[in-house]
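User: Could you walk me through this model and tell me what lies behind each label you use?

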Amino acid sequence: MTSELDIFVGNTTLIDEDVYRLWLDGYSVSDAVALRVRSGILEQTGATAAVLQSDTMDHYRTFQMLERLLHAPPKLLHQLIFQIPPSRQALLIERYYAFDEAFVREVLGKKLSKGTKKDLDDISTKTGITLKSCRRQFDNFKRVFKVVEEMRGSLVDNIQQHFLLSDRLARDYAAIVFFANNRFETGKKKLQYLSFGDFAFCAELMIQNWTLGAVDPQADDMDMDLDKEFLQDLKELKVLVADKDLLDLHKSLVCTALRGKLGVFSEMEANFKNLSRGLVNVAAKLTHNKDVRDLFVDLVEKFVEPCRSDHWPLNDVRLFLNQYAASVHSLDGFRHQALWDRYMGTLRGCLLRLCHD
């Protein structure tokens, strides 16, 4: 009786990037082989179907053995079993932790728990991403969250240190962790036009300005939690719309500065008080967890949709927000300038991002 045995002998571990992508995308060996055949690899290399099958299986076995090391990337750097050049190690890590935009939009802001994981079948069907890939991406989000949630220091730095990700990918993971921790609503129909990049941009602004770490570098969970004292203080801003004299003076200052500069000046003038009440009332409500979660819903309802209804060009939105924020410094009866700047500096950036088409 004869038997066949496939043997591979070598020193440097070979990584086929195309096969790695197929493995990450959750394809079985047979599906991966079929896709490789379709790509024309047999004609290009002169290999047989049997050799291609064996080659694919060999790569898959290697990736499966590497996966436990990829769960804690520094271990990959210090192990001696697989001889992988540093550039290849970086590629393996970066691509393992990469994620699909369609997937992250479905889970952004949700609790990274078993309950959400049960929805992955539906998400897979909706997005066309294989269930195996959905699980890998979800488990990566959860793993990063668990490692950094109790750490002091910069969220981005902690992620880079413990997962060896590029700066851009670490910042994206920081946004995912921040949204999961604060449970911001992102799934409502009126928010569907917003991309992950839009939310990540806003997350970075909030982390830099609204968290505990923005004022106290030694605070626990500094970049994870919003500064509760800051949110409580935001109630003081209500005087801007509750005091009729301040509201009228604020409107007068903004209108005087923007007359002749806005294409939608008459619409802005007519709707100024409603817009101002909306922006200030959003601030005043952020002491409640539900209102924190609904921040983006409120911003779209109170500001973005009214501006769209009146066909504001983005440049007019920018001019208005700049003047709206700056004019408060000329209100003699207003005594919360630093608080206002901390709030509006971030909000202005977020609103400009939310107002894109």
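User: What share of the contacts in the protein chain between residues at least 6 apart in sequence join residues at least 24 apart?

Analyst: That share is 69%, where contact means heavy atoms within 4.5 Å. Before we go on, this is a predicted model: local features need pLDDT of at least 70, side-chain atom pairs count only at pLDDT 80 or more, and totals for chains, interfaces and linings use all residues. Residues are numbered from 1 along each chain as its sequence is written, and side-chain values use heavy atoms, with hydrogens and water left out.

User: How do you know how the radius of gyration of the protein chain stands against a compact globule?

Analyst: The radius is taken over C-alpha atoms, and the globule rule is 2.2 Å times the number of residues to the power 0.38. For 357 residues a compact globule would come near 21 Å, but the protein chain has 26 Å. Along the principal axes, the C-alpha atoms fill a box of roughly 100 × 45 × 35 Å.

User: Which domains is the chain divided into?

Analyst: Domain 1 covers 17–83, domain 2 covers 101–210 and domain 3 covers 228–354; such bounds come from an automatic or database domain assignment. The C-alpha centres of domain 1 and domain 3 lie 53 Å apart.

User: And how many helices and strands does the secondary structure come to?

Analyst: It comes to 21 helices and zero strands. Helices (H or I, at least four residues) and strands (E, at least two) are DSSP runs, numbered from the N terminus.

User: What makes Asp16 and Arg36 a salt bridge?

Analyst: The rule asks for a side-chain nitrogen of Lys or Arg within 4 Å of a carboxyl oxygen of Asp or Glu. For Asp16 and Arg36 the closest N and O atoms are 3.7 Å apart, so the pair qualifies. This pair links distant parts of the chain, 20 residues apart: Asp16 sits in the segment before α1 (17–24), and Arg36 in helix α2 (residues 29–38). Together with Asp55, these residues are linked in a network of salt bridges.

User: How many salt bridges does the rule give, and where do Glu17 and Arg88 lie?

Analyst: The count comes to 20. Glu17 and Arg88 form a salt bridge, with their closest N and O atoms 2.8 Å apart. Glu17 is in helix α1 and Arg88 in helix α6 (residues 86–97), 71 residues apart. Glu17, at 28% relative accessibility, counts as partly exposed, and so does Arg88 at 26%.

User: What is the nearest side chain of opposite charge to Arg105, which is buried yet has no salt bridge?

Analyst: That is Glu101, 5.5 Å away; Lys and Arg count as positive and Asp and Glu as negative, while His and the chain ends are not counted. Arg105 is in helix α7 (residues 101–107), and its side chain reaches the backbone oxygen of Leu194 at 2.9 Å. Not counting residues up to four places away in sequence, Arg105 touches several residues, including Thr186, Gln192 and Phe199.

How values were computed:
Buried < 20%, exposed > 50% of the residue type's maximum accessible area, 1.4 Å probe, protein only. Polar contact = N/O pair within 3.5 Å; in protein donor to acceptor, adjacent residues only side chain to side chain.
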